[in-house]
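Hi,

Here is the structure I promised to pass on to you. Have a look at it first, and then read my notes below.

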Amino acid sequence: MSSVHPAAASVTALPSPVDGGEVAPGFASLSPDDFKAAFRQHPAGVSVITADDGSGPVGLTATSVFSVSAEPPLLVFSVSSLSSSAPTITASDTVVVHLLGSEQLHIAKLCATSGIDRFADTSIWDRLPTGEPYFTGNGVWIRGRIVNRMEAGTSTVIAVHALESSVSQPQAAEEPVRTEPAAETPAPAVPAFTPSFDGAPLVYHNRTWHRLDANSQIDG
């Protein structure tokens, strides 16, 4: 199980409009509705963060995960104070960040649904040897240690130092059975991967889920 690490206990705070402070004194602030409307046009990859500070596993769906540095390997995400998972995630020493593919849409929906036990189905999750809960059917996950927390408005921005990762490679397709191939007709190319796990990322845009695949590629 995760515990609070002494080196990660400090929290940096920014002024919060909720507390009457101004993040940018002297400047007019964009309304929350206008801010949300702008970001609905910004597509983002979907992730799920899991953690356990000793009080039980929690899972949170997020679109705020991004990489910061490769040396050292750092990533960042934010957690809203309104999330039921926020207390456990912010208090944990380590977390597991799942970078979801389209095949994991059900996991994204599960961890975005309020008022349910997200870990009731024990067939879809397990614990790593180090104790953290994780979803076993996911193609990519990163286990990391929380190294910094910063309060920003009604959220906490969390920086994570990556410790280990698991990246599942798409499975090779079986050779299709051809009973009577026509000599004058070129045989169709065998797909490189099966659709059971093709690595197509899950993307969230304008309140809807999307699958990013070869059809969305733009030649430039």
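Let's start with strand 12 and strand 13, which pair in the antiparallel sense over 4 bridges. One of the pairs to look for is His205 with its bridge partner in strand 13, Thr208. These two strands belong to an open sheet of 3 strands, in the order 2-12-13, with antiparallel pairing. Its edge strands are strand 2 (44-45) and strand 13 (208-211), each of which pairs on one side only. In case the idea is new to you: strands of a sheet pair through backbone hydrogen bonds, either parallel or antiparallel. Do keep in mind that this is a predicted model.

Next, go to strand 3. How many of its residues are buried? The count is 5 of 5. Both faces are covered: Ser47, Ile49 and Ala51 are buried on one side, and Val48 and Thr50 on the other.

Strand 3 also has antiparallel partners. It is joined to strand 4 by 5 bridges, with Thr50 standing opposite Gly59. The hairpin of strand 3 and strand 4 has 6 residues between the strands, and there Gly54 takes a positive phi near 110°. Strand 3 is joined to strand 7 by 4 bridges, again antiparallel, and here Ser47 has Leu99 as its bridge partner.

Now for the inside. The largest nonpolar core has 16 residues, and those touching the most other members are Ile49, Phe77, Val79, Ile89, Val95, Ile158 and Val160. At least two residues each come from strand 3, strand 4, strand 6, helix 2, strand 7, strand 10 and strand 11. Another core lies apart from it, with 11 residues, including Ile107, Phe119, Trp125 and Phe135. As background, nonpolar side chains tend to be buried together in soluble globular proteins. Click on Val95 if you want an example: beyond its neighbours within four places in sequence, its contacts include Ile49, Phe77, Ile89, Ile142 and Val160.

Of its 18 lining residues, Val65, Ser67, Leu75, Leu99 and Ile142 lie nearest the centre. Strand 5, strand 6 and strand 12 each give two or more residues to this lining. What classes of residue line the pocket? There are 14 nonpolar, 4 polar and no charged residues.

Last stop: Ser84, in the loop between strand 6 (73-80) and helix 2 (86-91). Is Ser84 buried or exposed? Its relative accessible area is 60%, and exposed means over 50%, so Ser84 is exposed.

Notes: Residues numbered from 1 in each chain as written. Predicted model: local features only at pLDDT ≥ 70, side-chain atom pairs only at ≥ 80, totals over all residues. Heavy atoms only, no water. Buried < 20%, exposed > 50% of the residue type's maximum accessible area, 1.4 Å probe, protein only. 1 Å grid on protein atoms, 1.4 Å probe; cavity = no way out; pocket = protein on both sides within 12 Å on 5 of 7 lines; lining within 4 Å. Nonpolar A, V, L, I, M, F, W, Y, C, P; charged D, E, K, R; others polar. Core = buried A, V, L, I, M, F, W, Y, C linked by side-chain atoms within 4.5 Å. Contact = heavy atoms within 4.5 Å. Pairing = 2+ DSSP bridges.
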